[in-house]
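Subject: Structure handover

Hello,

Here is the structure I promised to pass on. Please open it first, then read the notes below.

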Amino acid sequence: MKIQFKKQLQTMKPLTISLISCFLISCGVSNLVIQGSFPTPNINKIPLSVAVYYDDALRAFSYMEYSETGREEINIESGESHIRLFNAVLPAMFEEVIEVEGFDDPNVQGVDAVFAPVIEEFQLALPEKTKLEVYEVWIKYNMRILNPSGVSLADWVVTSYGKTPTETFLSVEDGINDAAIVALRDLASSFSLNFTRVPEVQDWLSTL
Amino acid sequence: MILFLKNKAAISYVLTCFLASCTSTTVDEFRQGETGIESDESVVILGRRQASDFETKSDFVECVGKGMSQGENAISVVPEREFVDAMFPWFEPRTAPLRATDLEQLLAEDVVAQKMNEFGIRYMVWVEGFTETTGRTGSISCTVGPGGGGCFGFGTWEDDANFDARVWDVNSLRNVGTINADATGQSYLPALVVPIPLIARVETNACNRLAAQLKDFVNGE
């Protein structure tokens, strides 16, 4: 009887471990990498040669969403998606675009300006917290245009917003991803259409 | 046997009438200009999404497009997603033209005009609206026990789908008309062990009627 019980216990052990592991995993932080593609803007090119510099903060940008009890809930990694977006938008906006590793990159000297975007803020609204049937994302950027020596030519703030349609039966991850993609499209549209309307940019362009 | 068949037919008839009477649809048309379309021209149907509190569902826009591109006098309809991506960033929620007169400024951009020509767009249809659920009453309770489970109760609600379609003529850069489709219907959910949903298909009805009316409108009928 005792031997049989021991045998049963041995067979139960892996099952118990896997159950506890599943439980613990479900309680942990879920990691979400924003995935999506962006269309190339259909706009007239500005005859400029621009270098783009993505700093480490932008490349590795992530946002942590906390539960109402203060527990880490979802880690949203959006750095790569921002780079994909700018890589789709900038070549459609400017005659020549090169990516540089920093201001000491020798290629910087041959361009008209260096574009260095910064993400200042990322906000998320989940249906479980807002009681609305939509996922919403706000992103605030600081768009910086510098000359090849690193002196600021223009510096302006762009905010983008994205939400999912109502009554969608999406998982939390899919909902956040979809809202973030809409926000990134919003950024691309306002940035590409309003670039030459920014007063500082207009002043700089008039000097060329 | 004959009595049973007669009863069956009567029950089917009553059920059909009951289900059909669940939804009523009204379509209003306001014409502001002459219309007509050539075989090499097409229409694009776009959903309005600039409002913060609601946005026109892409499923509904797709349904209207499908309805217009099928059957007698079918019209070539460019899919919304394909058009919006190809015209990016000019038709995003915050950048899309709000008035027909804005089209002139938009088409002044040679890249936009060229893309519009490639698609052969003659009419741009802006669909705006949503479905609202009101008057939710009744209650259903479900229990599960060792011997099985079941639900008991009754629920009912009213759905109202209201959609406007504004038709812009890309050639004359004018709003040539507006069509409104309003479908209301009562849905029921009786539960006697198993819940039996009797859903009023207001959105489908609004879509079908709007698509049929738009097709006639664009064809100039």
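**Strand 2 of chain A**

A:V50 stands opposite A:V97, which belongs to strand 5 of chain A. This is a predicted model: local features need pLDDT of at least 70, side-chain atom pairs count only at pLDDT 80 or more, and totals for chains, interfaces and linings use all residues. Residues are numbered from 1 along each chain as its sequence is written, chains are lettered from A and ligands numbered from 1 in the order in which they are written, and side-chain values use heavy atoms, leaving out hydrogens and water.

Strand 2 of chain A covers residues 46–53. Helices (H or I, at least four residues) and strands (E, at least two) are DSSP runs, numbered from the N terminus. Six of the eight residues of strand 2 are buried, so the strand is largely enclosed by the rest of the structure. Buried means under 20% relative accessible area, exposed over 50%, and partly exposed in between (1.4 Å probe, protein chains only).

Strand 2 runs parallel to strand 5 (residues 94–100), and six bridges join them. Strands pair if DSSP finds at least two bridges between them. Strand 6 (residues 113–115) is also parallel to strand 2, with three bridges. There, A:V52 stands opposite A:F115.

**Where chain B meets chain A**

20 residues of chain B are in contact (heavy atoms within 4.5 Å) with 20 residues of chain A. The area buried between the chains is about 1,600 Å², and carbon and sulfur atoms give 49% of it. Buried area is the accessible area (1.4 Å probe) that two parts lose on being put together, summed over both. B:E55, B:F88 and B:R94 supply 37% of the area that chain B buries against chain A, more than any other three residues.

Four salt bridges are counted between the two chains. Each is a side-chain nitrogen of Lys or Arg within 4 Å of a carboxyl oxygen of Asp or Glu. B:E55 forms one with A:K163, with the closest N and O atoms 3.6 Å apart. On the side of chain B that touches chain A, helix 3 (80–86) and helix 5 (110–119) of chain B each supply at least two residues. Helix 3 of chain B gives the largest share, four residues.

**A loop residue, A:T166**

A:T166 lies in the loop between strand 9 (152–163) and helix 5 (172–194) of chain A. A:T166 is partly exposed, at 25% relative accessible area. Beyond its neighbours within four places in sequence, A:T166 is in contact with A:E133 and A:V134.

Best wishes
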